[in-house]
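Colleague: I would like to learn how to read a structure feature by feature. Please give me the general idea each time, and then the case at hand.

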Amino acid sequence: MTQFLTAAFYKFVELPDFAELKPPLLAFCEQNHVKGMILLAFEGINSTIAGPAEGVHAVLAYLRQDPRLADLQHKEAWSNKAPFYRMKVKLKREIVTLGVPEANPNQLAGTYVKPADWNALISDPEVVVVDTRNQYEVNIGSFAGAIDPHISSFTEFPQWVAQSSALNPATGKKPKVAMFCTGGIRCEKSTALLRAQGFDEVYHLEGGILKYLETVSPEESLW
């Protein structure tokens, strides 16, 4: 039975020539029988692609030839059915939509925290832990004690931040904040949002929940 390799990846990195990258990238994907979606924007790249393993690895190698993407990280999964039926490369304003231009992860992203160090951080009673995912995702599960912003989409997050009593206490002192999301991309954007608003101590779970569940043993998990 034919197996298809799926690769998911993103990277915040300034790509001022992102529009020029599209035609050769699309052609290379098609030549290698790779399908899926690649989003390109000034702020970086975000993608999920699938196809024969050699084709997917060829596309990843092609991208990493660009010095700006040399350290591009990806996650892999296998399936017996083709998850995508066409290849698209889209030009976007943002690779994950927040709608706040000053929230630039390339300049203001928070501090990465390794999964092995995450438990200690969120166990600190002075740390405000925020789940940046939507309501559907939060209902599936979350970290104990994390604040649920009750949003239906990520674009509602800035408004929640502005109104949150946990992030805007009466004392006026901005708290230390730890944020997490599924794979890491949204919390990079959300930490940049807080830093743009004057929060100094902002942290996010490197690799997101997926990396945490992959690397932290069930006995030690706070999920």
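Colleague: Which strands does helix 1 lie across?

Modeller: First, the ground rules. This is a predicted model, in which local features need pLDDT of at least 70 and side-chain atom pairs count only at pLDDT 80 or more, while totals for chains, interfaces and linings use all residues. Residues are numbered from 1 along each chain as its sequence is written, and side-chain values use heavy atoms, with hydrogens and water left out. Helices (H or I, at least four residues) and strands (E, at least two) are DSSP runs, numbered from the N terminus. Helix 1 (residues 18-31) lies across strand 2 (35-41) and strand 5, and runs at about 175° to strand 5. Axes are lines fitted to C-alpha atoms, for helices over the stretch in contact, and angles run from 0 to 180 degrees between N-to-C directions. Contact means heavy atoms within 4.5 Å.

Colleague: What is the order of the five strands in the open sheet with mixed pairing?

Modeller: Strands of a sheet pair through backbone hydrogen bonds, either parallel or antiparallel. Two strands count as paired if DSSP finds at least two bridges between them. Here the order is 4-1-3-2-5. Strand 4 (74-79) and strand 5 (87-91) are at the edges with a single partner strand each, so one side of each has no neighbour in the sheet. On average, neighbouring strands of this sheet are turned by 10° against each other, direction ignored. Strand 1 (residues 4-12) and strand 3 (residues 44-51) run antiparallel and are joined by eight bridges; K11 has I45 in strand 3 as its bridge partner.

Colleague: Is E76 buried, partly exposed or exposed?

Modeller: Buried means under 20% relative accessible area, exposed over 50%, and partly exposed in between (1.4 Å probe, protein chains only). E76 belongs to strand 4 and is partly exposed, at 41%. Apart from neighbours within four places in sequence, E76 is in contact with L5, T6 and H57. The side chain of E76 makes a polar contact of 3.0 Å with that of H57 and one of 2.9 Å with that of H74. A polar contact is a pair of N or O atoms within 3.5 Å; within protein, one must be able to donate a hydrogen and the other to accept it, and residues adjacent in sequence count only if both atoms are side-chain atoms.

Colleague: Which residues of helix 2 are buried?

Modeller: An α-helix has 3.6 residues a turn, so residues three or four places apart point the same way. In helix 2 the buried residues are A53, G55, V56, V59, L60 and L63. They pack against strand 1, helix 1, strand 3 and strand 4.

Colleague: At what angle do helix 4 and helix 8 pack?

Modeller: Two packed helices are described by the angle between their axes and the distance between the axes. Helix 4 (residues 115-122) and helix 8 (residues 208-215) pack at about 105°, with axes 9 Å apart. That makes the two helices roughly perpendicular (65 to 115 degrees). P115, W118 and N119 in helix 4 meet K211, Y212 and T215 in helix 8.

Colleague: What is the pairing in the open sheet of four strands?

Modeller: The pairing is parallel, and the order is 6-9-8-7. Three bridges join strand 6 to strand 9 (residues 202-205), and T111 has Y203 in strand 9 as its bridge partner.

Key
Angles under 35 degrees count as roughly parallel, over 145 as roughly antiparallel, 65 to 115 as roughly perpendicular and the rest as oblique.
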